Amino acid sequence: MEEIVISPQAFIPSRGLGLKDAYKVGEKLGEGAFGTVRKVTHRQTKQTRAVKIVSKHLLNSPEKQAWLHAELRILRLLDHPNILRLFESFEDDQNYYLVTELCSGGELYERIVRTGYLSEAQSANYAMQVLSCVAYCHEHNIIHRDLKLDNFMLESEEAGATLKVIDFGTATEWTPGQRFADKMGTPYYIAPEVINRNYTEKCDLWSVGVCIYILLCGLPPFPGTADAQILRRVRRGKFEFQSPEWDLISYEGKHLVCQLLTLDPEKRISAREALNHPWFQTAAASPTHPALAQSAFDNLRRFSTKLTLQKATLTLIAVQFCSQSEREDMERMFKSLDKDHSGSLSQEELTQGFALLLGQDPEDVREEVTRLMQEIDTDQSGEIDYTEFVVATMSQKRMASKGRLLKAFQAFDLNQDGTISAEELRSLLGGGHNYPEAAWTQLIQEADRNGDGVVDFEEFVAMMDQLGQ
């Protein structure tokens, strides 16, 4: 029988009325053209998140409404440590509500303005995170189309906080070779071919080039006092490395900027090529502490989910009920293993990475990694995605605590009748797949000890207690 594929996207629900039932709404964090962003606290888990409130009144055209629905669809598809995480969405008569992780560090641009200085190494580190996100998006057939410093947030106030790319409202799905004519973007950052309404995914690389230029010197490459003047300069594509701002910037940094701000998009480098640029050799991800690496690898070795419902439960907990602080160490290790910055881990990256971190020969861990790949790759993509890695490297005992299991059970129990049925699992996990009825019945049977066709909480806990056995 066909195995049901477990995807993190299944656990990002879209709900009707009830934002205030699920969240306590707090202070305003910002305001945009279509609404506001406020801090919220999940009433059940006490986790602090953010909600983007979009006014339906201001979405006064079918095109604008389509943009919002496209943003929701795209955010559900993406699973990358440098992309803002969507938890769920709500809708009522007045507004749409997008609940995301809270980036308490604010905008990267604001931090630069506040501190007044960013070293070349720091700039390279931020640039690498942005390019990793862009490469991941392009390889998943998504173009952002409005990359700018205003859309880069920092996860926390800490010096080494992770950068998050936000606002996928202008993003779109694409197929290789497809060209677009919609004029999207912001004057300082827009690519010349977008102004000319004939562009591909390479427009994102031009925008990244502008971002890196500003990070390195604090000034835009195509300045102007009015949009028309800025756009004329963008069209010409001529810029300079002026003194004294650029005097101490390395040749490699300047070279990468030139390769990104190449007027002909056919000659402009891709995100993957940019990530392999020599400039980033000194801006690699921070090393992982050996004790943390050993702990994570031990958790991987113990990771065993023989039952599909167990995998689904752990994925749900990782997506909805793990705090940012719990994910930080795993995120740092994921990045250190992701040598090609693709946003996912191949079997060879896991083998070589853990061998290096643990001080062992790759052949000593290869067989174990091969087995782990089969266990961990819940969406059967052939690589380990970010959430799959978090699920497998965190302590299962810690993840599957009684309190979290109750929250997970309640999330599966869609009609809140105290049991989980095959129909509820189909609604939550189906994801558009036409699995046979027997597949859902079999999923229930994994935990249904008394044979009544549904799973109660006691049976659910007993099933999760079998983890690792």
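I take the axes of two helices as lines fitted to C-alpha atoms over the stretch in contact, with angles running from 0 to 180 degrees between N-to-C directions. The model I am examining is predicted.

**Entry 1, helix pair.** I looked up helix α18, residues 422–429, and helix α19, residues 437–445; their axes come within 9 Å and cross at roughly 110°. Angles of 65 to 115 degrees count as roughly perpendicular, so α18 is roughly perpendicular to α19. I recorded the crossing of α18 and α19 as right-handed.

**Entry 2, sheet.** I then traced the strand order. Six strands make up an open sheet, arranged β1-β5-β6-β4-β3-β2, with mixed pairing. Which strands stand at the edges? They are β1 (14–15) and β2 (23–32); each has a single partner strand, so one side of each is left without a neighbour in the sheet.

Strand β5 (residues 86–91) and strand β6 (residues 95–101) run antiparallel and are joined by five bridges.

I noted a volume of about 80 Å³ for the largest cavity.

I listed the lining of that largest cavity, which consists of 13 residues. Nearest its centre lie Arg-145, Met-184, Gly-185, Ile-190 and Ser-207. Sorted by class, the lining holds eight nonpolar residues, three polar residues and two charged residues.

Definitions and conventions
Residues numbered from 1 in each chain as written. Predicted model: local features only at pLDDT ≥ 70, side-chain atom pairs only at ≥ 80, totals over all residues. Heavy atoms only, no water. Pairing = 2+ DSSP bridges. Helix = DSSP H or I, 4+ residues; strand = E, 2+ residues; numbered from the N terminus. 1 Å grid on protein atoms, 1.4 Å probe; cavity = no way out; pocket = protein on both sides within 12 Å on 5 of 7 lines; lining within 4 Å. Points joined across faces, edges and corners; volume = space filled by probe spheres on them. Nonpolar A, V, L, I, M, F, W, Y, C, P; charged D, E, K, R; others polar. Parallel < 35°, antiparallel > 145°, perpendicular 65-115°, else oblique. Left-handed = near helix turned anticlockwise from the far one by under 90°.
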